[in-house]
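Thanks for sending this one over. Here are my notes, in the order I'd go through them at the screen.

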Amino acid sequence: MSFHPEMAYDATFHKSARQLEEEGPAFGYTAENRARFEEIVKRYPPERRRSAVLPALYLAQHQQGYITANAIRHVAELLGITRADVEDVVSYYTMFYTKPVGRFVVNVCRTLSCAINGAERVTEAICTKLAVRPGETDASGTFTVLEVECLGACDRAPVVMVNDAWHENLQPEAAAKLIDDLRARGEAALSGCHHVVERRKDERTGD
Ligand code: FES
């Protein structure tokens, strides 16, 4: 029985919550990605091959859209490490998806600098526009909205990362417009966003 008067016996706080990822379809790199993988591992000394785990997982994610147990197994075999080693990395980093996601993954930073600069309102504007809650994919399957921890650009909060593109100092109205632009223009709406922020900043400071 529990030692705590209000804590149920089956409380699971002390147990690992880790679950194995879905098996998913059979996975192996395409010939092109296998060649890229071989290029990547050459950057590391042979005894440090395991250090390529992040780019190796990115390759798998770009190929399949998300990471499955079969992708984990493939990466582990190629790097000569255990599945558990790879799973640890996948479960630690929020940028690895273990379920199918939309074509655009909208990551809204919710950590301190972004939080006090209005990240919550940005999330609300995006979620209202897409009729989803954080963590969900919209009905069209195009957008997935995630709340994530610090994206490393705290001086430009609030920050939103869409796939690999950054949008900094993003206010709620601009966030809603970004969704419209992505719908209308696709990937083209992502290009150059960082430079736009830089230019506006220079205009403000007169540099
Ligand atoms: S707190 Fe949002 S980027 Fe650091």
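The points below take the sheet, then its helices, then the nonpolar cores.

1. Ground rules: this is a predicted model, with local features needing pLDDT of at least 70 and side-chain atom pairs counting only at pLDDT 80 or more, while totals for chains, interfaces and linings use all residues. Residues are numbered from 1 along each chain as its sequence is written, and side-chain values use heavy atoms, with hydrogens and water left out.

2. The sheet is open, with 4 strands in the order β2-β1-β3-β4 and mixed pairing (strands are DSSP E runs of at least two residues, helices H or I runs of at least four, numbered from the N terminus; pairing takes at least two DSSP bridges). At the edges sit β2 (143-148) and β4 (165-167), each pairing on one side only. Strand-to-strand twist averages 20 degrees (axes are lines fitted to C-alpha atoms, for helices over the stretch in contact; angles run from 0 to 180 degrees between N-to-C directions).

3. β1 (residues 104-109) runs parallel to β2, over 6 bridges. Look at Cys109: its bridge partner in β2 is Val148.

4. The largest nonpolar core has 23 residues (buried Ala, Val, Leu, Ile, Met, Phe, Trp, Tyr and Cys joined through side-chain atoms within 4.5 Å; buried is under 20% relative accessible area, 1.4 Å probe, protein chains only). α3 (69-79) gives the most, 6 residues. A second, separate core of 20 residues includes Val122 and Val160.

Conventions: Buried < 20%, exposed > 50% of the residue type's maximum accessible area, 1.4 Å probe, protein only.
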